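The stops below go from a pocket to a sheet and then to a single side chain.

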Amino acid sequence: MSIDLERLRGGYAELTAEFGEKGAAIVAGIPPKSVEETLNGENKYTENLEKFLGARSAAYSFYSEELRDKLLKLEHFIVESGSAEKAAKALGVSKSTISYIRSCKYKGDVENFFTEFASYLKLKQEKRSRPYKGTGYVPTSVSEYMYQVIRSVHIAGECEIITGDTGVGKSRTVTKYVSDYPENTIVVKASYAESSIVGVLKAIAAQLGINDLNRLYDLNSAVLSRLHDGMLIIIDEAQHLKFPAIDHLRSLSDIFTDRGETMGVCFVGNPSFMRHFDDKKLPVTGQVFNRANLRPYIKASDIKIDDIKLLFPELSAEKNAAEIKFLYAVAQTNGECIRRAINFYRSAYNMDGGNVSIDRLVELAQTGNLRIPNIGNLIKRLREESA
């Protein structure tokens, strides 16, 4: 049976008018580069396109006007997603479900499918209408100091320990550093799974393209063969490491020093990392402790009010003094810190469409078990200032 190419082109033209050139190809399931050949009947997609256009026409004739509108939204969602398969994955259904819905062959509850689809679109729309995405890396006084310490370790090939209160910005600074120097920096975010020598070496090996090794000797030899002069290993969440793993990483740095080369090793973690180095343990652990020159401890109280202004540039120093002071108090509190201040700001921003007020921040603090010393007096004073 021959295919009517003129009719085929007419049907495809309707798709192009609705979805654009690229969108029409996505909706029809044709590679964009193959459209011209398909419309000329020169490849395998021609027959598929004819079947698709026929099924689509039947679906739009079969469904009610309300469901036709929803079907069109589904097709636009497919275009937005990049393919029917990606759309199905986003919706948590199979690709065949999408196909059956579009061709009137779905055996399930079509109304229920479109109800859930509408709920999903509403959720995504609300998310888009709340544009606050977080801060990423911000060059606060504490993060810039930490960044410079890491840079010094990298350049000199030293071994260093950086500790800081939870939420002060350690991990974001590490992420910023590796994004600036990706070619020669390895970052391992330690967990209990990487707490041993083998565990942390396997994590490093994976980033060096080494897999399927489990014996310590083999792992160590393979890692050393791939590491080279001028590299830096950062262990984030280093408090999870057992001391033998810490000491072994220190030894890697020493190996390169003995060669006249550099291999920086930087341990970044919360203050509990220092449990390895109390006076009773120093005869054993001193080899590591002695090599860390600065051993900076970044405290929540080190954060400055100018850092808050950098973190939340939408707040005016003149108009939002109370909000800035409140977030500053949150950021300076150990256990709350910058991370909690950002979370409070994000929640207030999203709830009120970008309008962050002291009243909303106070409401969140009262329901969120915020642990600021003398918080009642702080709230009273800030409300009086903003009145």
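Start with the largest pocket, which holds about 500 Å³ of space. This is a predicted model, in which local features need pLDDT of at least 70 and side-chain atom pairs count only at pLDDT 80 or more, while totals for chains, interfaces and linings use all residues. Residues are numbered from 1 along each chain as its sequence is written, and side-chain values use heavy atoms, with hydrogens and water left out. A pocket here is an open set of points on a 1 Å grid over the protein atoms alone, where a 1.4 Å probe fits and protein lies on both sides within 12 Å along at least five of seven lines. Its volume is the space filled by probe spheres set on the points, which are joined across faces, edges and corners.

Select Val27, Ala28, Gly29, Phe52 and Arg102: of the 22 lining residues, these lie nearest the pocket centre. Lining residues have an atom within 4 Å of a point. Next colour helices H1 (5–28), H3 (45–62), H5 (84–91) and H6 (95–102), the elements that each give two or more residues to this lining. Helices are DSSP runs of H or I with at least four residues, strands are runs of E with at least two, and both are numbered from the N terminus. H3 gives the most, with seven residues. By class, the lining has ten nonpolar, six polar and six charged residues; nonpolar means Ala, Val, Leu, Ile, Met, Phe, Trp, Tyr, Cys and Pro, charged means Asp, Glu, Lys and Arg, and the others, Gly among them, are polar.

Now show the open sheet of five strands, in the order S2-S3-S4-S1-S5 with parallel pairing. Two strands pair if DSSP finds at least two bridges between them. S2 (185–189) and S5 are the edge strands, each pairing on one side only.

Select S1 (residues 159–164), where six of six residues are buried (under 20% relative accessible area with a 1.4 Å probe, protein chains only; exposed is over 50%, partly exposed in between). Cys159, Ile161 and Thr163 point one way, and Glu160, Ile162 and Gly164 the other. Five bridges join S1 to S4 (residues 263–269), where Ile161 has Phe267 as its bridge partner. Two bridges join S1 to S5 (residues 297–298), where Gly164 is partnered by Ile298.

Finish at Glu323 in helix H15 (residues 321–331). Is Glu323 buried or exposed? Glu323 is buried, at 8% relative accessible area. Beyond neighbours within four places in sequence, Glu323 is in contact (heavy atoms within 4.5 Å) with Leu315, Val356, Ser357, Ile358 and Leu361. Its side chain reaches the backbone nitrogen of Ile358 at 2.8 Å.

Definitions and conventions
A polar contact is a pair of N or O atoms within 3.5 Å; within protein, one must be able to donate a hydrogen and the other to accept it, and residues adjacent in sequence count only if both atoms are side-chain atoms.
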